[in-house]
Amino acid sequence: MILRECDDDTILSYAEDVQGAAQHLLGIVNDILDFSKIEAGKLEILPVEYSPSSVLNDIINMISSRAEKKGLDFLIDVATDIPSLLRGDEVRLKQVCMNILTNAVKYTEKGSVTFRSSIKKLDSDHLMLRVEVEDTGIGIKEEDMPKLFTAFDCIEEKRNRTIEGTGLGMNITQRLLGMMGSALEVRSTYGKGSVFSFNLVQEVIDWTPLGDVEQGLKQAKTAQAERMKHGTSFVAPMARILVVDDTEMNLKVIVNLLKRTKIRVDTALSGQECLDMVQNVHYDMIFLDHRMPGMDGIETLHRLNAMNHLSQDAPIIALTANAISGAREQYMKAGFNEYLTKPIDSVKLDNILISYLPKDKVTRVKREKEQAPDLPQWMDDVPDVDKEAGCRNCGTPDAYLEAMEVFYDGLTDTIDTINAFYNAEDWHDYTIKVHALKSSARIIGAKKLSKLAERL
């Protein structure tokens with residue numbers, strides 16, 4: 001809610017840090033849970049029909065932003081003949097790919113991480129899916145290879161002490177692949193990089209080629225840009241929806257996420273309360289929690305379908321914390337129109353509302369652009385400088401102009417000093433000076449220069 005509603009850059013920065021820390025903690029908990037399930041023999045492989053394009057989009061969306069933050073190139077090389085519909089455990093396939101890619105980004109300081117995928121047809125119903133991840137990272141010593149798949153063991157702990165992790169990722173990856181009849185292969189040159197790869201047999205449901213994934217990459221970037229707006233892309237003041245969940249906190253979150261859409265939101269704490277409310281009010285959409293005491297979401301859905309009520313034609317969306325493989329199939333089979341996992345992703349929530357609300361009740365809106373600061377016209381001709389960012393960083397146009405003047409006046413000395421340290425191979429002082437340039441360039445809005453200095 002903070003990320004969606006707040007306009008204060010400092011508070012947004014704090015909130016993003018909290019979100020990042022929470023996601024990291026969630027990753028650790030999930031690793032330990034998976035490891036425990038595998039050890040107890042309780043983790044199952046659950047094959048379902050899935051679209052490789054969906055898996056690829058998720059991977060691209062999650063990894064590209066991590067790579068970008070480190071100044072790395074994230075390269076995609078996916079064969080165009082991959083079929084559009086396969087059968088396998090998409091959740092575990094995505095988990096394996098994410099574990100390998102996350103590791104590659106973590107242990108690569110400069111250069112690139114490349115994701116490759118191709119297929120080999122085995123028969124009319126099966127193919128061999130090959131996945132490779134290549135990085136230009138630190139590489140692995142021959143004697144450290146056995147540690148790679150050992151639980152709770154990290155390679156070169158002294159050198160990599162600042163890199164977060166449980167030491168479980170590769171162990172879990174290898175064991176998951178083993179359960180799917182595959183194995184992780186590793187080729188590495190210490191100091192130059194590594195290649196992680198695996199082959200996985202998948203059943204083919206539809207051989208129609210996936211085609212060029214560049215479009216998928218663009219869609220992922222669009223979704224990321226939408227997420228960064230912290231706003232909403234539509235309003236629907238004439239629409240009315242019902243949200244049913246037995247936890248008041250969950251209801252509060254959805255109500256607050258939808259404030260800017262102007263949708264009228266009613267709430268119910270039980271299935272029975274939901275049945276009572278639809279008798280008297282027409283709703284354009286109903287969000288229905290699955291796990292509720294007494295009458296759960298599926299039973300409530302069946303009762304709604306069996307009775308005559310004012311919201312007879314309203315799309316019903318399942319709310320669930322059940323994000324396992326096959327969950328969507330389960331809810332579609334039960335009779336839901338769509339499902340949404342908790343914690344709620346605001347972009348997915350918006351997309352569902354836009355898709356299922358009556359078209360005549362939804363008005364798309366553009367986010368208002370920030371008013372340009374009052375600055376001299378000659379600044380329009382200064383290349384590679386974001387004036388709006390500079391003004392935000394400095395507080396006022398006058399303070400920004402003063403900072404620009406200080407930066408400009410010291411530029412010749414800065415260049416001479418950096419060159420002198422470089423020529424003398426004084427890397428300690430060179431690093432200090434370049435580090436200072438990173439900060440000062442960012443303050444005036446010279447983002448490209450700041451990013452180059454950061455990489456150096």
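Contact here means heavy atoms within 4.5 Å. The model on screen is predicted.

**Stop 1: helices H3 and H4**

On the H3 side, pick out Val55, Asp58, Ile59, Met62, Ile63, Arg66 and Ala67. They meet Glu90, Lys94, Cys97, Met98, Leu101, Thr102 and Val105 in H4. Sorted by class, this contact holds nine nonpolar, one polar and four charged residues.

Two packed helices are described by the angle between their axes and the distance between the axes. For H3 and H4 the angle is about 20°, and the axes are 10 Å apart. Angles under 35 degrees count as roughly parallel, so H3 and H4 are roughly parallel to each other. Their crossing is right-handed.

**Stop 2: isoleucine 59**

Stay on H3 and select Ile59. Which residues is isoleucine 59 in contact with, leaving aside its neighbours within four places in sequence? They are Ser64, Lys94, Cys97, Met98, Leu101 and Phe115.

**Stop 3**

**Stop 4: helices H2 and H5**

Now select H2 and H5, whose axes are 10 Å apart and meet at an angle of about 45°. H2 and H5 are therefore oblique to each other. The crossing of this pair is left-handed. H2 makes the contact through Asp31, Asp34, Phe35, Ile38 and Glu39, and H5 through Asn171, Ile172, Arg175 and Leu176. By class, four of these residues are nonpolar, one is polar and four are charged.

**Stop 5: aspartate 246**

Move to the loop between strand S9 (240-244) and helix H7 (248-257), where aspartate 246 is found. Is aspartate 246 buried, exposed or partly exposed? Its relative accessible area is 30%, so aspartate 246 is partly exposed.

Leaving aside neighbours within four places in sequence, aspartate 246 is in contact with Leu269, Asp289, Arg291, Met292 and Pro293. Select arginine 291 from that list. Aspartate 246 and arginine 291 are 45 residues apart in sequence, and their C-alpha atoms are 8.4 Å apart in space.

Methods
Residues are numbered from 1 along each chain as its sequence is written. This is a predicted model: local features need pLDDT of at least 70, side-chain atom pairs count only at pLDDT 80 or more; totals for chains, interfaces and linings use all residues. Side-chain values use heavy atoms; hydrogens and water are left out. Helices (H or I, at least four residues) and strands (E, at least two) are DSSP runs, numbered from the N terminus. Buried means under 20% relative accessible area, exposed over 50%, partly exposed in between (1.4 Å probe, protein chains only). Axes are lines fitted to C-alpha atoms, for helices over the stretch in contact, and angles run from 0 to 180 degrees between N-to-C directions. Angles under 35 degrees count as roughly parallel, over 145 as roughly antiparallel, 65 to 115 as roughly perpendicular and the rest as oblique. A crossing is left-handed if the near helix is turned anticlockwise from the far one by less than a right angle, and right-handed if clockwise. Ala, Val, Leu, Ile, Met, Phe, Trp, Tyr, Cys and Pro count as nonpolar, Asp, Glu, Lys and Arg as charged, and the others, Gly among them, as polar.
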